[in-house]
Amino acid sequence: METKQLPAPHNIIIEDRKNVTISGVTDVESFDEETVILMTDLGELVIKGFGLHISKIDVVSGDLALEGEIYNLGYTDTQAGGGGFLSRLFR
């Protein structure tokens with residue numbers, strides 16, 4: 001019998017635009033000191049800022065902590081689990 005796994009809760013806590021705690025992270029697409037791109041169950045999350053660095057990541061629970069000066073945080077139209085590049089290309 002197949003069981004369907006429920007998506008992890010997805011929460012974002014921003015403290016003074018310097019610390020961000022995110023739950024429900026499924027993958028880290030890329031990161032550098034100015035941009036961090038994360039995949040969540042609700043879509044791709046892009047965080048922009050200065051001096052960004054990941055201070056904690058727990059791949060089992062999907063929790064991630066990020067420090068630095070944050071000036072932008074937003075989702076793209078890409079939904080997690082929606083397929084790869086080719087599936088988006090042929091919609």
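Two strands count as paired when DSSP finds at least two bridges between them. In this predicted model, six strands pair up on that basis into an open sheet, and the order across the sheet is S1-S2-S6-S5-S4-S3, with antiparallel pairing. The edges belong to S1 and to S3 (25-31), each of which pairs on one side only. Neighbouring strands of the sheet are turned by 45° against each other on average, ignoring direction.

Inside the sheet, take S4 (residues 35-40) and S5: these strands run antiparallel and are joined by six bridges. For valine 36, the bridge partner in S5 is isoleucine 47.

Now for the loops. The one between S1 (12-15) and S2 (19-22) holds aspartate 16, and arginine 17 sits in the loop between S1 and S2 too. Most residues other than glycine have a negative phi. Aspartate 16, though not a glycine, has a positive phi of about 55°, and arginine 17, also not a glycine, has a positive phi of about 55°. Aspartate 16 has a relative accessible area of 71%, so it is exposed. Arginine 17 comes in at 51%, and because the cut-off for exposed is over 50%, arginine 17 counts as exposed as well.

Another loop, between S5 (43-58) and S6 (63-75), carries valine 59. This valine 59 has a relative accessibility of 73% and therefore counts as exposed. Together with Ile57 and Val60, Val59 makes up a nonpolar patch on the surface, and the three residues share about 350 Å² of accessible area.

Definitions and conventions: Residues are numbered from 1 along each chain as its sequence is written. This is a predicted model: local features need pLDDT of at least 70, side-chain atom pairs count only at pLDDT 80 or more; totals for chains, interfaces and linings use all residues. Side-chain values use heavy atoms; hydrogens and water are left out. Patches are made of residues with over 30% relative accessible area and no salt bridge: like charges are joined within 9 Å, nonpolar side chains (Val, Leu, Ile, Met, Phe, Trp, Tyr) within 5 Å. Accessible areas come from the Shrake-Rupley method with a 1.4 Å probe; for residues, only the protein chains shown count as cover. A salt bridge is a side-chain nitrogen of Lys or Arg within 4 Å of a carboxyl oxygen of Asp or Glu. Helices (H or I, at least four residues) and strands (E, at least two) are DSSP runs, numbered from the N terminus. Buried means under 20% relative accessible area, exposed over 50%, partly exposed in between (1.4 Å probe, protein chains only). Axes are lines fitted to C-alpha atoms, for helices over the stretch in contact, and angles run from 0 to 180 degrees between N-to-C directions.
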